[in-house]
Amino acid sequence: MMKVEIWSDVVCPFCYMGKRKFEIALDKFEHKDGVEILWHSFQLNPEFNPGAAGDIHEYLANRYGRSREWAKEMHDDLVARAKEVGLEYKFDNIIPANTFDAHRLIHLAAKHGLQGKAEERLFAAYFTEGKDINEFETLVLLGTEIGLDPAATRKALESGEFEDEVRQDLDEAESLGITGVPFFVFNRKYAISGAQPTHLFMETLDQVWNEEHVQEKSLLK
């Protein structure tokens, strides 16, 4: 079994593109049934205050000290790049969010074997549907859509459940020197940083699989 760990933030445009590129590679991988995927929390801006942000164009412009026109150009470029992997970004509809609670929802989903579905649903809700993932009610609805119990989801969010798990992911990212996402770790041996081309993911999957099985064969001799 190969383990692929992915540090990601659901408001990161490159993370959604990286997810899709990795999935395209994995779908072509001969041994995909032998790959376990584990998502880890990461926050691009853990101190982000949604109430003081304005829209996403204003937020990006203010963060980098640039103009709103520059921010819109950056977002237009991301829209075009996302289309290349079948994603539709609608930046004019995006509601800037602090993702700490969304990551708690993902940890809850992981407990029920639904982590991958939670990641995908949150990405689509944020980048395409313009949903406010700051709000518990939105998170409960999204959780329900992927198969979580609504009452249990609301209780987990309101009680602060999985806060420690999110912080543990963030701390581990820091200890590993991860400063940007997406960040893919293969069997704790190889890493890919960023939404790299699909062929790089395919090459890494093949390399790690082959190396691990050569090692297994040598141990059996």
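Contact here means heavy atoms within 4.5 Å. The structure shown in these views is a predicted model.

**View 1**
A82 lies in helix α3, which spans residues 68-83. With neighbours within four places in sequence set aside, A82 is in contact with M17, L87 and Y89. Y16 is 66 residues away from A82 in sequence, yet the C-alpha to C-alpha distance between A82 and Y16 is 8.5 Å. A82 counts as buried because its relative accessibility is 0% and buried means under 20%.

**View 1. The largest nonpolar core.**
The largest nonpolar core has 48 residues, and those that touch the most other members are Y89, F91, L122, Y126, F127 and I133. At least two residues of this core come from each of α1 (13-28), α2 (56-64), α3, α4 (100-111), α5 (115-127), α6 (136-145), α7 (150-159) and β3 (183-186). Helix α5 gives the most to this core, with seven residues. In soluble globular proteins, nonpolar side chains tend to be buried together.

**View 2. L122 and its contacts.**
L122 is among the residues that touch the most other members of the largest nonpolar core. If residues up to four places away in sequence are not counted, L122 touches V10, A102, L105, I106, I133, L139 and L142. One of these, I133, is also listed among the residues with the most core partners.

**View 3. The cis peptide bond at P182.**
V181 and P182 are joined by a cis peptide bond, with omega about 10 degrees. P182 sits in the loop between α8 (163-175) and β3. Most peptide bonds are trans, and most residues other than glycine have a negative phi.

**View 4. F162, a residue with positive phi.**
F162 is not a glycine, but its phi is positive, at about 75 degrees. This residue, F162, is in the loop between α7 and α8. Is F162 buried or exposed? F162 counts as buried because its relative accessibility is 10%, and the cut-off for buried is under 20%.

N187 is found in the loop between β3 and β4 (190-193). Its phi is positive, near 50 degrees, in a residue other than glycine. With a relative accessible area of 23%, N187 is partly exposed.

Note on methods: Residues numbered from 1 in each chain as written. Predicted model: local features only at pLDDT ≥ 70, side-chain atom pairs only at ≥ 80, totals over all residues. Heavy atoms only, no water. Helix = DSSP H or I, 4+ residues; strand = E, 2+ residues; numbered from the N terminus. Buried < 20%, exposed > 50% of the residue type's maximum accessible area, 1.4 Å probe, protein only. Core = buried A, V, L, I, M, F, W, Y, C linked by side-chain atoms within 4.5 Å.
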